[in-house]
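Please read this note with the model open beside you, and look up each residue as it comes. The points are meant to be followed in order.

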Amino acid sequence: MSSMGILLIIFALSIGTATFIENDFGTPAAQALIYKAVWFDVLLGLLTVNLISNIFRYKMYRPKKLSLLVMHLSFIVILVGAGITRFISYEGMLHIRNGETTNQILSDRTYITTKITDGKQQVTKRKAVLLSALTPTRYHQNLKLGDKTVELQAVKYIHNAREVISKDPDGVPIIVMEVLTHHDKQNLYLKYGETKTIGNHIITFGTNPVPDAINIIGSGDSLYIKAPVSIEKMQMGSQNIQSFQADQKHPFSRSNLYTVGDLKMVLIASYAHAKTDFISVGKGNKYLSFVKIRARSGAQTKEVVIRGTKGLKGADTQFTLNGLHISMQYGSRIITLPFFVKLDSFNLQRYPGSMSPSSYSSYVTVINKKKNKTFPYHIYMNHVLKYKGYRFFQSSYDPDEQGSILSINHDYWGTLITYIGYLIMALGMIWSLVNPYTHFSTSGRYLKKLITCKGSKTVIILALLAVSSLTVMGQTTDNLTVNKHQAEEFGKLLVQSNDGRIKPMNTLASQVLRKISRKNSYKGMTPDQVLLGMLTKPTEWQKAPIIVINDKSLAHLMGIHGKYASYLDFINTSKGTYKLSNYVSKAFEKKPIDRDMFDKEVIKVDERMNIAYMIFTGKLLKMFPVAGQPNKTWLTPYVKQSLLNAKDSTLVLQIFPAYIHDIANGDLSQAGKLVTIMSSFQKKFGAPVIPSERKIKAELLYNKMMIFFRLAMVYGILGLVFLLLAFAEILKTTKWLRTSMKVLTGLIVIGFLLQTFGLGLRWYISGHAPWSDGYESMIYIGWVVMLAGLIFSRQSRLTVAATTLLVSVILFVAHLSWMDPEITNLVPVLKSYWLTIHVSVITASYGFLALGALMGFFNLVLSAMKNKKNKSHLSEKIQQLTIINQRTLTIGLYMLTIGTFLGGVWANESWGRYWSWDPKETWALVSVLVYSFVAHMRFIPGLKSRYSFNLASVVSYFSILMTYFGVNYYLGGMHSYAKGTPAPIPHFVYYVVGVIAVVAVAAYYNEQRLNEPEEKEL
């Protein structure tokens, strides 16, 4: 088992390191060095062999251990499926335009293809390559033709390389053209004497024309074009068109568009003496990559450049060497399908009134000419075309919305075997939890015996308590305040957000106040009063200190004392200029990674200023629907409504200013009537998109209750008091302590019921499961942690105390500035039932594992508190909590593993592959490996002690934090929809790590000092 533990740790460290390599140097680098490296395949092979060996070593084939046998065999099945996917299956991409029919796709892998001929015979070889910034020379090939050998070696590689030109007296003539064929546009650089292939066209630059090629002849400003077909020239300014005969020289100059067949060309620049170089412009694929190849044959050596990238076939680079004509390509290879696909139409749907995609899909026709079979199919996100072992997924689309990009996966057996492994794994884990002979069950019986013997059984008593608002209200300011009842009625009106969601004005008001002020109220005023006040009394509110500034140096520059500034504090009234203008420009000129804390705060404050400006000008108030408008866009009240008829336009233009006027002048009766009219207008013309009345009331209730914000504080108080009482009970048990803790338990149960109600309410309002973004997953994790704590509450009061305090911290973190509690529409990829299953299971596991980490920490604290007088009593408590911790981590590990592989199923349905080493899924697997190691520590010599287990349960949770926070906010990947604003690591994290280290050292020293060998092993 020791060797298995070492292999698990090596595996976890390897793939974790790969995510950082990918983030800094790109996916090819991570694949070349780790994921597709031979040593990594060997590592997985050793894991498989070791797993089989341990099955026999621990006799898992015995009837009492069959559940463990099933569970461990499942991982072998999964590895076999992964091996088929890795070595046999392949992926590709189909880029197709409306009306186009094709049976060719481009491979996901990149290749270097070489063709060598001497005029009589020919050899063609294709080799898969993984070139990257860290493996720039990982291509070497020897090719033989007759008695001649050609050695090819990559000597330089630049990813996403942009070619740059500089004048050089010793340089050669160079021309730069923009070429367009079909829908692919690129800049083409041609040196004197060079030949390149674009699509089906060969283009040369020099003095000696090449037959059947487009020849650019001459140098400097004296350039001519000659082609084997007729040429059409259009002057860019006058739009005049001329036609030129084939095989004749014609002037080739700038400001003209030349068309040769399906190729269009524009001369951008020409240099008489220049040189070219390549620079990388990041990790994207905007430009082709650069590969320099050193070719040797006989006594001759030549260096040539080939360019290409994944997703493109790559252009030919041709040269002669030792009497051989050589042609090389770098890029994807063409794969021919056994059938054709025709794109009938591409369809993009947006959320009402926004540019945010609600869904995008392709209507295709599959044509099998051999079987004379044709059928239509609708491909969209999470709805896959399956045919002949191929799976087509909706991946992306062209910017002009006239073309579709489909990803293709050919991995029937790999996926099937892996899915079977997933199913067996889940069955084995569930069976292990109920099998009476497993360690999970036997430890539970032992724990029950311990608790019964000590008479520490806890009875949960429900108590009634209404959680009152803990928001501190200040004193109102009369010249800012508007009538609270009228503000509340105004808050019931509907408004359309930028992503198209229809929501109450109260929701917008809450979001605005939270965004610009980081508060839920302002001087005793509700968000509705603040919003309506900013509209009705803009002069007064522009002087109110409501915009938060977290950087003291920025506040000092603006001449502001304290943390809050007014809108006018940022305006130079004498000059009419914006004080932050220069700072904002400088901040945005820097790359995100180069921005310091001051730059980031400038950007945030500028955003708050823009929001305030949009409120003062009414530009955020999209509150008037338009009947029959295709995109269902709602309009603001201060813009001329050309989409409305004369009657409705007059109403919209007049009613809102009249309402603001009546509120400002105190005519509340008339203002109330106008609100009713606006509400009726919204219901009449916005009926197709507005939510039900019940859902609107539910959202208003949700906003008013602020359940999770208030529970963060309530749980914090209850958890702290409970924790103190629980420690007091460890030292001395009294009837008063037991009664007090029963009452506290009852209050916590009521808080949990409110927490459950809040989650359900958010689910109902949003229409999707409440774990689709950072904020929602945090509050869901908090709910699961509390559920886990209550499940184990009968076995340990300390568990409930620790859980409550932990949930308070989780809910507090959920409401930090870089978490956005706004309810939003789902992006298309999240519209899947697999989302609900996968995310609910895996985030639930985070709750159990968090509880285990906290119990492990308290066990370390108790170990540090032990002395000769209390060691017997505390050792019994530690033993109880350690067993509970083991059971908690077992449940958490099983849920984490099942959830991770369910994520693979979701990924396969959404992106076309069940595993792609995306950073999020990779770190989820790292966490599975880490906790698998922790679960098996009791079999490893030197790591069997309760101290080691409890310390490992604490340290291991950092892998979960990396999976949840680190990947979401610091690494890239396909899970970018879950990212919030990149946040600096909070200072308290360093303090927490320091406290854990001190407690761990103190506990270790105490255990060694007391030297209790009978208590060391689990």
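1. A word on the basis of the note. This is a predicted model, in which local features need pLDDT of at least 70 and side-chain atom pairs count only at pLDDT 80 or more, while totals for chains, interfaces and linings use all residues. Residues are numbered from 1 along each chain as its sequence is written, and side-chain values use heavy atoms, with hydrogens and water left out.

2. Salt bridges. Side chains of opposite charge can pair when their charged atoms come close. With a salt bridge taken as a side-chain nitrogen of Lys or Arg within 4 Å of a carboxyl oxygen of Asp or Glu, a search of the whole structure finds 13 of them. One of these joins glutamate 163 to arginine 307, with 3.9 Å between the closest N and O atoms. Glutamate 163 belongs to strand E7 (residues 161-181) and arginine 307 to strand E19 (residues 300-308), so this pair ties together parts that are 144 residues apart in sequence. Helices (H or I, at least four residues) and strands (E, at least two) are DSSP runs, numbered from the N terminus.

3. Cover around that pair. Here, buried means under 20% relative accessible area, exposed means over 50%, and partly exposed lies in between (1.4 Å probe, protein chains only). Glutamate 163 counts as buried because its relative accessibility is 6%, and arginine 307 is buried too, with a relative accessible area of 14%.

4. A second pair. Arginine 501 and glutamate 699 form a salt bridge whose closest N and O atoms are 2.8 Å apart. This pair links distant parts of the chain, 198 residues apart, since arginine 501 is in the loop between strand E28 (494-496) and strand E29 (502-504), whereas glutamate 699 is in helix H16 (residues 693-705). Arginine 501 counts as buried at 9% relative accessibility, and glutamate 699 is buried at 4%.

5. Helix H16 itself. This helix has 13 residues and reaches 18 Å from its first C-alpha to its last, close to the 18 Å expected at 1.5 Å a residue; the expected span is 1.5 Å times one less than the number of residues. Its buried residues are Ile696, Ala698, Glu699, Leu700, Tyr702 and Asn703. Methionine 706, which follows H16, has a positive phi near 45 degrees.

6. Helix H13. The 20 residues of H13 (residues 597-616) should span 28 Å at 1.5 Å a residue, and the end C-alpha atoms are 29 Å apart, which agrees. After H13 comes glycine 618, with a positive phi near 75 degrees. A further salt bridge joins glutamate 601 and arginine 608, with the closest N and O atoms 3.4 Å apart. At 7% relative accessibility, glutamate 601 counts as buried, and arginine 608 is buried at 6%.

7. Most residues other than glycine have a negative phi. Asparagine 160 sits in the loop between strand E6 (148-158) and E7, and is buried, with a relative accessible area of 2%. Aspartate 212 also has a positive phi, near 60 degrees, and lies in the loop between strand E10 (201-206) and strand E11 (214-219). Is aspartate 212 buried or exposed? At 69% relative accessibility, aspartate 212 counts as exposed.

8. A nonpolar surface patch. Patches are made of residues with over 30% relative accessible area and no salt bridge, where like charges are joined within 9 Å and nonpolar side chains (Val, Leu, Ile, Met, Phe, Trp, Tyr) within 5 Å. Tyr412, Trp413, Leu416 and Ile420 form a nonpolar patch with about 430 Å² of accessible area together; accessible areas come from the Shrake-Rupley method with a 1.4 Å probe, and for residues only the protein chains shown count as cover. Leucine 416 is in helix H5 (residues 412-434) and counts as partly exposed at 33% relative accessibility.

9. Strand E23. Threonine 365 is placed in strand E23 and counts as buried at 15% relative accessibility. The C-alpha atoms of threonine 365 and tyrosine 377 are separated by 6.1 Å, although the two residues are 12 residues apart along the chain.
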